[in-house]
Amino acid sequence: MKNERKRTFLLITIPILALFICFNTIPLIRGVYYSFTNFKGFGKYDMVGFRNYLDLFTDARVLKSYWFTFKLAVVSTIIVNVISMLMALALNSKIRAKSFFRGAYFLPNILGALVVGYIFNYFFTYIIPALADMVGIEALGSSILSNPDTAWIGIVIVCAWQAIAMNTIIYISGLQTVPEDVYEAGGIDGATGFKKFWHLTFPLIFPFFTINMVLCIKNFLMVFDQIMALTKGGPAQSTESISYLIYNNGMSGGQFGFQSANAVVFFIVIVIISTAQMKISGKKEEQL
Amino acid sequence: MRKRETNWPVMVFLILGLSTIVFPLYMTIVIAFKQPSEMSNTISGILSLPKTWSFDNFREAMKVTDFWRSLGNSLLITIVTVVLSVLIHSLMGYALGRNKKHSKFYNFVYLFIVSGMFVPFAILMMPLAKQTAEMGLANWFGVILLYVVFYMPMNVLLYSGYLVNIPFALEEAAKVDGASTWRTYWKIIFPIMKPMHATVAVLTALAVWNDVMTPLVIMAGSSQNTLPLAQLNFQSQFGTNYNLAFASYLLSLIPILIFYLVCQRQILNGVVNGAVK
């Protein structure tokens with residue numbers, strides 16, 4: 001009886017684990033291996049030791065992509081969380097047609113990021129400049145995507161448009177866990193408006209804030225579709241995200257080995273950020 | 001009694017805010033129906049409705065992007081991935097969830113698989129492109145296999161988390177009746193996990209349906225497209241005919257919009273469950 005159970009569990013676990021190792025662990029190890037070679041993606045190659053890694057830190061294009069990706073991630077995360085929190089408070093207040101509004105505001109999130117990117121690309125390129133011309137705002141007279149200084153803002157807007165939908169829904173489910181009587185007690189103490197939110201609501205939904213931070217940072221650091229649809233890394237390589245650079249130069253640019261090293265560093269960065277985030281938020285939650 | 005009051009300032013804010021979602025969709029529909037000659041640079045020209053509601057753009061876009069085949073590929077990949085995920089990931093979640101507490105081996109396997117969540121696709125992409133080509137898997141089937149592996153960490157975490165709430169006693173009772181572990185799983189545990197199946201199905205379906213990178217990297221040489229991939233690959237053929245391009249974009253959004261209208265409640269629940277747990 002006991003053995004039958006044990007055997008069944010092993011028969012389930014081993015094949016699925018093998019599948020996982022075959023398409024996750026082995027490619028990961030191969031990726032690390034290639035990062036120590038000068039492989040171009042085809043033909044012969046040699047081991048080059050840590051040269052790729054040393055070159056990474058002096059490669060202007062790689063450094064630029066890290067700067068861009070982190071700038072995008074941090075700015076988007078802040079914007080998205082502030083707006084989502086406001087939206088969630090509004091959608092959780094005493095309004096009519098609540099489920100209609102919630103459904104409508106979630107809509108952007110289910111749409112494919114690539115197609116959304118293409119649609120916004122057209123808006124940034126044609127519609128907004130036309131409208132700006134009409135109203136007389138010269139700063140917006142030409143596409144923000146064609147200027148190396150402003151193109152990243154366009155990407156932030158498109159990323160935020162979709163991410164706000166997601167984070168709002170999570171904040172709403174957080175707000176629903178706050179019991180009514182907390183507010184009533186707060187009301188008696190004279191807490192109102194922002195004070196009430198900051199001292200009563202926010203600490204109670206802190207776990208949901210953590211979830212949103214983790215979701216945001218991770219998704220934005222891996223941004224790819226939006227770049228593909230909006231700028232293809234341009235203008236002047238000002239919007240190359242790390243994933244995009246690895247894809248572009250690694251898959252077809254003859255830098256298989258070098259970009260593998262980049263990917264390994266990127267992997268380590270993601271692991272560090274994720275564990276740090278979990279440690280910090282875990283501690284905060286304990287305090288509460 | 002206070003509950004009936006409506007907060008009107010918030011209502012106004014929400015109605016105005018809705019324009020950030022309605023406006024892009026409205027523009028997409030309008031542009032998709034217009035003819036190139038109707039496009040102009042004046043505000044009224046941009047916002048106006050098309051002169052005629054003709055489906056010519058859509059017919060042309062379907063031809064250019066081989067719409068039905070791309071749609072078929074997307075449906076095939078999504079449905080097979082979701083079915084396999086629910087079957088395989090729930091089994092794995094069960095095996096690991098039930099054993100990780102008292103077995104070092106299962107606990108290690110559990111942590112090993114769940115930590116796969118930290119592995120960005122960027123590092124797997126180049127080796128996988130090579131590996132799938134070597135194994136003859138540079139096609140839709142390879143893409144499905146990869147999805148089953150990529151979403152395993154998340155889904156195993158969800159399933160084994162859900163199992164904590166299902167008492168052992170249920171299985172014990174079945175065991176007394178002489179049912180095997182395998183049978184007990186499919187007869188008792190699998191049906192009980194239904195709410196989690198819904199969550200996993202929704203999350204996996206949305207992620208797979210909208211994914212671009214995996215098919216882009218793996219199926220590049222197979223002349224097969226998924227719906228989003230077709231938009232990327234035929235981008236150059238639209239040229240400056242934005243009306244054609246928008247008709248194509250709209251076509252690619254319609255299936256998921258229908259899905260959302262029909263299963264909105266399940267989708268919202270699924271997304272929240274998946275994120276919160």
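1. The expected span of a helix is taken as 1.5 Å times one less than its number of residues. Helices (H or I, at least four residues) are DSSP runs, numbered from the N terminus. Helix α9 of chain B, residues 152–163, has twelve residues, and from its first C-alpha to its last it reaches 16 Å, close to the 16 Å expected at 1.5 Å a residue.

2. On provenance: this is a predicted model, in which local features need pLDDT of at least 70 and side-chain atom pairs count only at pLDDT 80 or more, while totals for chains, interfaces and linings use all residues. Residues are numbered from 1 along each chain as its sequence is written, and chains are lettered from A and ligands numbered from 1 in the order in which they are written.

3. Burial of α9(B). A residue is buried if 20 or more other C-beta atoms, placed from the backbone, lie within 10 Å of its own. Nine of the twelve residues of α9(B) are buried, so this helix is largely enclosed by the rest of the structure. Among them are B:M152, B:P153, B:L157, B:L158 and B:Y162. The buried residues of α9(B) pack against α5 (67–99), α6 (104–114), α8 (140–150), α12 (194–210) and α17 (264–276) of chain B, and also against α1 of chain A.

4. The contact between chains. Two residues are in contact if their C-beta atoms, placed from the backbone, lie within 7 Å. Chain A puts 68 residues into the contact and chain B 64 residues. Elements of chain A that give two or more residues to the side touching chain B include α1 (2–34), α6 (151–175) and α12 (256–287). The most comes from α1(A), with 17 residues. By class, this side of chain A divides into 49 nonpolar, 13 polar and six charged residues; Ala, Val, Leu, Ile, Met, Phe, Trp, Tyr, Cys and Pro count as nonpolar, Asp, Glu, Lys and Arg as charged, and the others, Gly among them, as polar.

5. One residue of α1(A). A:T13 is found in helix α1 of chain A and counts as buried, with 21 C-beta neighbours inside 10 Å. Leaving aside neighbours within four places in sequence, A:T13 is in contact with B:M92, B:A95 and B:V109.

6. Domains of chain B. The assignment gives domain 1 (1–54) and domain 2 (65–276), with bounds from an automatic or database domain assignment. The C-alpha centres of domain 1 and domain 2 of chain B lie 34 Å apart. Each of these two domains of chain B gives seven residues to the contact.
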